[in-house]
Amino acid sequence: MMFIWLLKIRFNMNRIIRLNCPVCDGKNVYKVCDKFGTEVKENFIVNRCRNCDCVYVENPIHPNYLGEIYNSKYFSGGGMDDTVNYVENLNRQEYFFEKYDYQMTGELKQYKIKKDSTWLDIGCALGNTLDWAVDRYSADTFGVEYSDIGRQYSAKKGHKIIGVTSEEVPDEFNGFFDIVTCYEVLEHLYEPNKVILAISRLLKEGGVFHYSTGAPPRDSAMLNWDYLRPEVHIVFYSPKCMEYLFVKNGLTPNARKNSSIKRKFNYYKLNYKQKFKLLLPRWAINLFRPYQPDAIK
């Protein structure tokens, strides 16, 4: 009996419990599924909020233990997310430029980004996005990055690193940025409101926030969704959820206008398979990208 009690204490020490929604703080949530971890051999509970449609891990790893997950193995492609490989990315600049040209240029075109714009990338990693911003827009580039190797390498390439997290960026940068980008980062956040609020204070009036993150599928597809990696991906945002998050933190949601599919079809009347068939040829990385709104300050 004592052994079982000690196990429960250990479990509670390395997890946090979030019964309320991390986006709207609502209590009207329900359990979607249980997901057994691949790195941490324990069970994770996945909930959905009926109010804002946020999907989140109820019992994620405690932040104090994240160093054991986001280690050198993780950033070299051997951790929880095999798409994160800083070592390999050092030799793949051409790939990243092609990816951004294909996917980002069309989505940013509507904002008429000017040359020499001030550009902040949150989760800048090795600075691939910022390299592209310099090459395509002659941008004045700044970065925020969690990992030591990412900060050091981005700085060597001439990008100005101004924080480990967006919340730590000094007040001198309030209202400073024409554009803030954040690619494949939002799903890692424990407190998304703090990050979006920080973005809101850092943007100029009329500034743009552009991002990418995995939007959750229907409940029945959640358990087998490849993006559900509960040790590191702990919050997922539908278009409705992103709109809620922006409005709550002083930003105006703005629809992405480069999708003829979106104008032709009603998103809410399509089932998951229909979305897949329609969007796969153009948005292979994220099927829901056209429907997730950007934000304007």
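Q: At what angle do the axes of helix α7 and helix α9 cross?
A: The axes of α7 (residues 192-202) and α9 (residues 239-248) cross at roughly 60° and come within 9 Å. Helices are DSSP runs of H or I with at least four residues, strands are runs of E with at least two, and both are numbered from the N terminus. Axes are lines fitted to C-alpha atoms, for helices over the stretch in contact, with angles from 0 to 180 degrees between N-to-C directions.

Q: Where do these numbers come from?
A: The model is predicted: local features need pLDDT of at least 70, side-chain atom pairs count only at pLDDT 80 or more, and totals for chains, interfaces and linings use all residues. Residues are numbered from 1 along each chain as its sequence is written, and side-chain values use heavy atoms, leaving out hydrogens and water.

Q: Which residues of α7 and α9 make the contact?
A: Pro 192, Asn 193 and Ile 196 of α7 meet Leu 245, Phe 246 and Lys 248 of α9; contact means heavy atoms within 4.5 Å.

Q: Now the sheet: in what order do the strands lie?
A: The order in this open sheet of four strands is β1-β2-β3-β9, with antiparallel pairing. Two strands pair if DSSP finds at least two bridges between them.

Q: Which strands stand at the edges?
A: These are β1 (29-36) and β9 (235-237); each has a single partner strand, so one side of each lacks a neighbour in the sheet. On average, neighbouring strands are turned by 20° against each other, direction ignored.

Q: How many bridges join β2 and β3?
A: Three bridges pair β2 (residues 43-49) with β3 (residues 54-57) in the antiparallel sense. Arg 48 has Val 55 in β3 as its bridge partner.
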